[in-house]
Amino acid sequence: MKKKHTILIIAGLFLTSLMAQAQDANYDESLVDSYILPDAMTALNGQLITKKKQWEKTRRPQILKLFQDNEYGTMPDAKIKTDYRILEESGEALGGKAIRRQVEITFRGNNQSRKMLVLIYMPKGIKKCPVFVSPNFQGNATTSDDPAVIESQYSTYGRGHQTSRWSFDRIVSSGYAIATFHYYDIYFDQNDKISESIYPLFGINSSTDLLYNTGKAIAAWAWGCSRVLDYLLTLKNIDRKRTIVMGHSRLGKTALWCGAQDRRFAMVISNDSGCSGAALSRRNYGETVSRINKSFPWWFCNRYQSYSQDVASLPIDQHELLALIAPRLLYVASAKEDLWADPLGEFLSLQEASKVYALYGYDTLEGCSFPATDEHLWKGRCGYHIRTGQHDVTDFDWQQYIGFADKYFD
Ligand code: GCU
């Protein structure tokens with residue numbers, strides 16, 4: 001076939017799939033049915049939660065378990081061996097402002113091993129710096145034009161392909177460190193990739209080894225973020241009280257799930273995470289649980305499939321995931337043209353979750369109206385903005401995250 005025809009056919013298929021995505025999704029606010037959210041502040045025995053002690057002892061563990069059993073699944077907790085090896089280091093990165101360190105983390109278990117490559121930029125001359133942990137989509141070398149960045153093993157993209165998503169200069173100049181890794185190192189983002197993932201180290205080799213609540217890709221990626229934090233906390237110049245997990249889209253879902261479980265993270269950022277991330281599942285707007293289960297069955301535990309036809313039967317909704325972050329700093333961001341991720345559903349979810357912050361004496365977002373585009377709403381310990389443009393991470397987003405962290409970190 002001639003090259004021109006092939007390109008036309010591929011473009012046609014791409015457009016058709018985009019149209020199909022748009023067609024079976026509702027984008028009309030008047031067609032969103034009324035819904036009743038599960039109450040984060042009522043325990044399973046009906047007891048009303050009015051004190052932070054009750055939240056922490058009773059309700060928080062209940063909600064965490066409900067998410068493990070019904071949505072993201074659990075990671076096996078068997079100990080696996082971890083080694084760190086510094087592959088490269090320079091004190092003259094980013095025009096002399098930063099230290100660049102590239103670390104290979106090797107995980108061993110069940111006579112197998114997996115390697116994860118972490119790229120770290122740290123500001124020079126700061127004794128204790130806050131740090132972002134943020135997985136990347138296309139491989140470490142795509143995040144920067146820096147020729148010294150080592151390519152991730154499964155990357156198929158060119159150097160610097162996604163630099164616009166990584167404001168390294170701004171981050172380091174603001175006194176923050178950042179660590180990133182290619183999420184494929186932990187779990188290939190495709191169906192049936194359990195055997196290549198981290199799971200065989202725990203004795204889970206294929207889908208036949210999965211229980212109803214065994215984690216899959218999102219649980220594994222979240223686990224990966226925590227392993228990067230383990231390493232960072234071995235470094236003297238990292239401030240263990242100011243650690244941030246940040247992710248975009250499916251990796252925003254990942255950041256939320258990671259932050260919900262790993263309370264060492266002092267701040268959690270969801271950038272355009274949408275369905276099964278920050279957005280409320282019970283709103284029939286943009287991507288739905290049914291749709292995500294059909295397209296990405298390898299992201300969630302098997303039981304999540306059973307809610308596809310009856311989302312109201314889910315014992316949780318996403319505001320409760322956000323509530324698990326309390327009283328730590330929480331930021332949810334949306335983009336104006338990213339209707340698939342349901343910006344209003346993301347905001348309403350945060351607003352609802354913020355009620356739990358009141359148990360800790362912080363202001364909530366109750367009564368706040370949806371902010372104007374490109375203006376942030378920061379209150380109590382929660383932040384939100386909706387930016388102009390599409391589903392993406394931009395320098396504007398990073399500017400907000402840094403500003404919020406600067407303002408609220410103790
Ligand atoms: C798809 C998917 C979303 C996801 C997004 C992404 O659009 O439907 O749920 O957030 O990909 O990760 O970019």
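Guide: Pro61 touches Trp55 and Glu56, when residues up to four places away in sequence are not counted; contact here means heavy atoms within 4.5 Å. The model is predicted, so local features need pLDDT of at least 70 and side-chain atom pairs count only at pLDDT 80 or more, while totals for chains, interfaces and linings use all residues. Residues are numbered from 1 along each chain as its sequence is written, and side-chain values use heavy atoms, with hydrogens and water left out.

Pro61 lies in helix α2, which covers residues 52–70. Helices (H or I, at least four residues) and strands (E, at least two) are DSSP runs, numbered from the N terminus. With a relative accessible area of 37%, Pro61 is partly exposed; buried means under 20% relative accessible area, exposed means over 50%, and partly exposed lies in between, with a 1.4 Å probe and protein chains only. Leu324 is 263 residues from Pro61 along the chain, yet the two C-alpha atoms are separated by 9.0 Å.

That pair leads to the whole chain. Among contacts between residues at least 6 apart in sequence, 68% join residues at least 24 apart. The protein has 9 helices and 10 strands. Its radius of gyration is 21 Å, close to the 22 Å that the globule rule gives for 410 residues, so the protein is as compact as a globular protein of that length. The radius is taken over C-alpha atoms, and the rule is 2.2 Å times the number of residues to the power 0.38. Along the principal axes, the C-alpha atoms fill a box of roughly 60 × 55 × 45 Å. Of the 410 residues, 58% are buried.

The loop between β8 and α8 (343–353) contains Asp342. Asp342 has a positive phi of about 55° although it is not a glycine, and at 2% relative accessibility it counts as buried.

Helix α8 itself is mostly covered, with 8 of its 11 residues buried. Among them are Pro343, Phe347, Leu350 and Ala353. The cover over the buried residues of α8 includes α7 and β8, along with β9 (377–379) and β10 (382–387).

Asp272 also has a positive phi, of about 50°, although it is not a glycine. Asp272 sits in the loop between β7 (267–271) and α6 (289–295), and its relative accessible area of 1% makes it buried.

Strand β6 (residues 238–248) includes Thr243, a buried residue with a relative accessible area of 1%. A polar atom of the Thr243 side chain lies 2.9 Å from the backbone oxygen of Arg264. Leaving aside neighbours within four places in sequence, the contacts of Thr243 include Val131, Leu229, Phe265 and Met267. From Lys241 to Cys129 the separation is 112 residues in sequence and 9.5 Å in space, C-alpha to C-alpha.

Helix α4 (residues 217–232) holds Arg227, which counts as buried at 18% relative accessibility. The side chains of Arg227 and Asp230 are joined by a polar contact of 2.6 Å. A polar contact is a pair of N or O atoms within 3.5 Å; within protein, one must be able to donate a hydrogen and the other to accept it, and residues adjacent in sequence count only if both atoms are side-chain atoms. An α-helix has 3.6 residues a turn, so residues three or four places apart point the same way. Beyond four places in sequence, Arg227 is in contact with Tyr84, Ile105, Phe107 and Arg264.

The accessible surface of the protein comes to about 17,200 Å², and 52% of it belongs to carbon and sulfur atoms. Such areas come from the Shrake-Rupley method with a 1.4 Å probe; for residues, only the protein chains shown count as cover.
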